[in-house]
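Biologist: Before we use any terms for this model, could we go through them one by one and ask what each rests on?

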Amino acid sequence: MNNKYYQPEYETMPVEEIKKIQDEKLVRQVKYVYDNVKYYRDLMDKKGVKPEDIKGTEDLHKLPFLKKDDLREAYPYGLLATDIKNCVRIHSTSGTTGKRVVAFYTQHDVDMWEECCARAIVAAGGGTDDVCQVCYGYGLFTGGAGLHGGSHKVGCLTLPMSSGNTDRQIQFMMDLNSTILCCTPSYAAYLGESLKEKGYKPEDNKLRAGIFGAEPWTEEMRRDIEKALGIKAYDIYGLTEISGPGVAFECEEQKGMHINEDHFIAEIIDPETGEPLPIGSKGELVFTSLDKEGFPMLRYRTRDICILSREKCSCGRTFLRMTKPLGRSDDMMIIRGVNVFPSQIETVLLNQGYAPNYQIILDRVNNSDTFDINIEMNPDDFPDSPKAITGKEKKLQDAMKAMLGINPKIHLVAPKSIERSEGKAVRLIDKRKRYGITI
Amino acid sequence: MAVKQISIFVENKEGKLVTITDSIANAGVDIRAMSVADTQDFGIFRLIVNDPEKAKEALESSGCFVSITQVVGISIPDEPGSLAKVVNILARYNINIEYMYAFITVSKKNASVVLRVADNAAAEKILTENGIKLLEEKDIVNM
């Protein structure tokens with residue numbers, strides 16, 4: 001029999017008690033960070049805040065923010081809060097200009113993260129009878145490891161498939177009777193199409209639920225995936241800086257994701273002024289970890305725009321809910337589940353001797369992102385041969401792939417041919433917007 | 001000695017060729033020969049004209065990406081075996097032809113061939129030594 005909650009003592013805790021836990025843990029975490037992370041201590045000193053000024057969540061706003069740039073600046077050990085010998089794992093995500101963000105985990109941190117993922121799997125109906133097929137990427141990316149660990153904690157039979165190799169995914173799905181599918185929503189849609197092409201009907205597989213995240217998707221996509229696979233599709237949210245997937249997860253209501261408030265405090269701020277906004281306002285999501293040892297984050301600005309709700313949920317969970325990210329307060333794009341910053345593209349162009357006159361064109365074909373970059377050639381460098389030009393394109397493509405982790409299609413174009421707005425090339429044309437995708 | 005060729009980068013988009021031909025026409029420049037090298041996304045439009053500088057200026061002012069390349073021009077009798085002879089000479093001296101195209105003028109009994117090679121001077125020397133008549137810029141203007 002499957003349980004309704006993985007840790008009901010926390011997940012259904014009265015709101016006042018959640019607040020009490022957060023107050024206690026916050027005081028401890030702030031002191032821990034102040035004592036062990038020089039980088040953040042300096043930020044606090046600069047702001048004139050001492051650990052003893054933080055007596056509970058109502059004092060949270062006094063703390064300085066951490067931004068992605070801080071993580072880049074402090075790379076690799078600057079925000080590490082404990083001795084390396086206490087750490088057991090790293091994960092990594094892309095930074096804004098190519099330098100990656102590295103997060104460290106102690107065994108306690110891994111356990112806490114995996115429990116968060118276990119809560120998500122149980123909320124999707126998972127239990128010991130389930131066969132959980134994890135086709136998020138394994139490796140530095142947190143997707144594979146997070147759901148894998150969560151699946152173990154729940155006691156599902158775990159299929160550590162990683163991403164790609166669709167034929168093998170389908171073979172294992174059908175032969176080993178997978179009941180829960182964990183991947184990006186676009187890959188779930190692709191699997192649905194591939195199953196159909198192979199002549200399978202939605203009722204031919206044993207899947208019951210899917211846990212999909214790491215990239216933006218719409219309600220319409222959700223219905224399509226649910227129909228194509230014959231499942232119920234659950235959203236999941238997370239970020240490497242905070243731990244990974246499972247920071248927030250959806251329940252059977254499918255109305256926003258419950259934030260694991262016993263481990264993380266969520267705030268909404270005005271992205272322009274940094275002022276905290278009341279619950280229910282649309283603004284930038286900020287997370288504070290409460291009990292991390294390796295890589296604790298105080299007031300980390302996610303740049304995701306969303307809305308929080310304390311409205312009572314019929315599932316019985318008392319945790320705050322967040323909407324899907326509705327946009328970004330920076331220029332980050334999510335392409336095929338990978339975070340891409342224009343500054344990374346500019347860094348590659350600079351290294352390769354090109355001016356930053358380029359245009360990114362994103363679209364979605366068969367539920368999968370297409371990624372094209374038009375790049376203007378240098379006016380004084382016109383190779384009078386198609387082979388030379390395609391050779392240059394290939395070189396740029398390889399450099400982009402090394403920087404971004406995904407392969408764009410590069411098109412060299414004539415100088416000054418990219419449409420300008422106020423003298424600057426129009427950097428992004430996101431045709432995915434017509435499908436309601438905003439990030 | 002070499003002849004000036006105009007190369008124009010053409011994106012594979014509607015109306016691009018019209019821009020090129022119109023600006024050459026409006027500049028009053030006469031096209032002697034042309035060739036197109038194409039890929040799926042773009043092409044390189046190569047022209048021999050009576051006034052390369054004027055053509056370049058006109059094309060650039062209408063936003064085209066243009067460069068002038070020096071190519072080897074030769075004049076050979078318009079008869080069977082003529083081109084084979086040239087190609088054989090170049091092969092014998094290991095001179096690689098990147099691309100070439102030919103054109104015939106109305107009144108003459110000769111054909112003209114444009115050759116793109118890595119080293120123009122070397123190719124011209126060998127062709128001259130083997131009795132092939134080279135074209136000069138003024139030959140193109142007077143055609």
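**What the terms rest on**

Modeller: Let us begin with Ile211(A), which touches Ala120(A), Ile121(A), Ala124(A), Leu147(A), Ile180(A), Cys182(A), Tyr234(A) and Ile236(A), where residues up to four places away in sequence are not counted. Please keep in mind that this is a predicted model.

Biologist: What makes Ile211(A) and Ala120(A) a touching pair?

Modeller: Two residues are in contact if their C-beta atoms, placed from the backbone, lie within 7 Å, and Ala120(A) is among the residues that Ile211(A) touches, so the pair meets that cut-off.

Biologist: Why is the set around Ile121(A), Cys182(A) and Ile211(A) called a nonpolar core?

Modeller: The term asks for buried residues of the nonpolar kinds, Ile and Cys among them, joined through C-beta atoms within 7 Å, and buried means that 20 or more other C-beta atoms lie within 10 Å of a residue's own. The largest set of this kind has 90 residues, and Ile121(A), Cys182(A) and Ile211(A) are those with the most contacts inside it. Helix α5 of chain A, residues 107–123, gives the most to this core, with 10 residues. In soluble globular proteins, nonpolar side chains tend to be buried together.

Biologist: How do you know that chain B agrees with a compact globule?

Modeller: For 143 residues the globule rule gives a radius of gyration near 15 Å, and chain B has 16 Å, which agrees. Along its principal axes, the C-alpha trace of chain B spans about 45 × 35 × 25 Å, and buried residues make up 30% of the chain.

Biologist: What makes up the contact between domain 1 and domain 2 of chain B?

Modeller: The domain assignment gives 3–70 as domain 1 and 71–142 as domain 2, with 22 Å between their centres, taken over C-alpha atoms. Each of the two domains brings 11 residues to the contact. On the side of domain 1 that touches domain 2, β1 (3–11), β2 (31–38) and β4 (65–77) of chain B each supply at least two residues, and β2(B) gives the most, with four residues.

Biologist: How many residues of chain A and of chain B are in contact across the two chains, and of which classes are those on the side of chain A?

Modeller: Here 11 residues of chain A are in contact with 12 residues of chain B. Both α11 (386–404) and β20 (409–413) of chain A supply at least two residues of the side that touches chain B, and that side of chain A divides into six nonpolar, three polar and two charged residues.

Terms used: Residues are numbered from 1 along each chain as its sequence is written. Chains are lettered from A and ligands numbered from 1 in the order in which they are written. This is a predicted model: local features need pLDDT of at least 70, side-chain atom pairs count only at pLDDT 80 or more; totals for chains, interfaces and linings use all residues. A residue is buried if 20 or more other C-beta atoms lie within 10 Å of its own, exposed if 12 or fewer, and partly exposed in between; C-beta atoms are placed from the backbone. Domain bounds come from an automatic or database domain assignment. Ala, Val, Leu, Ile, Met, Phe, Trp, Tyr, Cys and Pro count as nonpolar, Asp, Glu, Lys and Arg as charged, and the others, Gly among them, as polar. The radius of gyration is taken over C-alpha atoms; the globule rule is 2.2 Å times the number of residues to the power 0.38.
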